[in-house]
Amino acid sequence: MAEIALQVDVAASRERLLAALDTREGLASWWTTEVERDGEDLLFPVPDTPGPFRLRRERADLERVAWRSVGVFPPAWQGTTVTWDFFDHPDGPRQSVLLLRHLGWAADTGPAVAVAAGRWAELLVRLKDYAQSGRPQPLFVPAGHPHPGVHAQAE
């Protein structure tokens with residue numbers, strides 16, 4: 001069974017990473033400005049797709065954030081699990097190690113795992129940069145939608 005695993009050192013605390021992964025503001029700052037929450041489900045609309053990614057939050061604490069794909073899109077993601085594990089960095093409490101894993105892929109997913117791995121790598125860089133700097137830079141910003149932070153700067 002295929003698995004995606006990516007690890008990165010982040011100059012940010014676990015608390016900051018948790019906020020980036022478990023709040024609307026945090027998620028909209030590195031993934032997509034259109035993120036919505038429906039109970040424990042996170043909806044991530046992506047331009048030019050037939051529907052949003054629907055991920056159910058199963059855990060969110062200072063050790064792990066876990067989501068299970070419960071939507072119909074993308075089909076290869078159905079039933080997969082995304083986990084974000086936080087580890088202490090040897091350089092101190094303001095440093096973290098973040099391990100992203102995307103598990104549970106069906107054997108017949110074709111190129112979906114490779115495509116997802118590339119997209120997760122892009123998103124992980126944006127998440128790291130946001131957690132370290134506080135500057136939003138979501139990967140997906142629909143046309144005509146203000147970039148998060150732009151509105152706040154104008155106020």
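Visitor: How many bridges join S5 to S6?

Guide: This is a predicted model, in which local features need pLDDT of at least 70 and side-chain atom pairs count only at pLDDT 80 or more, while totals for chains, interfaces and linings use all residues. Residues are numbered from 1 along each chain as its sequence is written, and side-chain values use heavy atoms, with hydrogens and water left out. Helices (H or I, at least four residues) and strands (E, at least two) are DSSP runs numbered from the N terminus, and two strands pair if DSSP finds at least two bridges between them. S5 and S6 run antiparallel, and the number of bridges joining them is five.

Visitor: Which residue in S6 is the bridge partner of Arg-64?

Guide: Arg-68 has Thr-81 as its bridge partner in S6. For Arg-64, the bridge partner in S6 is Asp-85.

Visitor: What is the bridge partner of Leu-55 in S5?

Guide: Strand S4 (residues 53-60) and strand S5 (residues 64-69) run antiparallel and are joined by five bridges, with a hairpin of three residues leading from S4 to S5. Arg-57 stands opposite Trp-67 in S5. For Leu-55, the bridge partner in S5 is Ser-69.

Visitor: Which strands stand at the edges of the sheet?

Guide: Seven strands form an open, antiparallel sheet in the order S1-S7-S6-S5-S4-S3-S2. Each edge strand has a single partner, so one of its sides is left without a neighbour in the sheet; the two are S1 (4-10) and S2 (36-38).

Visitor: At about what angle does helix H3 run to S1?

Guide: Axes are lines fitted to C-alpha atoms, for helices over the stretch in contact (heavy atoms within 4.5 Å), and angles run from 0 to 180 degrees between N-to-C directions. Helix H1 (residues 14-22) lies across S1, S2, S4, S5, S6 and S7, at about 165° to S6. Helix H3 (residues 112-133) lies across S1, S5, S6 and S7, and its angle to S1 is about 15°.

Visitor: Which helix gives the largest share of the lining of the largest pocket?

Guide: On a 1 Å grid over the protein atoms alone, a pocket is an open set of points where a 1.4 Å probe fits, with protein on both sides within 12 Å along at least five of seven lines; lining residues have an atom within 4 Å of a point. Of its 15 lining residues, the closest to the centre are Phe-53, Pro-74, Trp-77, Val-115 and Arg-119. The largest share of the lining, six residues, comes from H3.

Visitor: How far apart are the closest N and O atoms of Asp-22 and Arg-37?

Guide: A salt bridge is a side-chain nitrogen of Lys or Arg within 4 Å of a carboxyl oxygen of Asp or Glu, and the structure holds 13. Asp-22 and Arg-37 form one of them, with a closest N to O distance of 3.2 Å.
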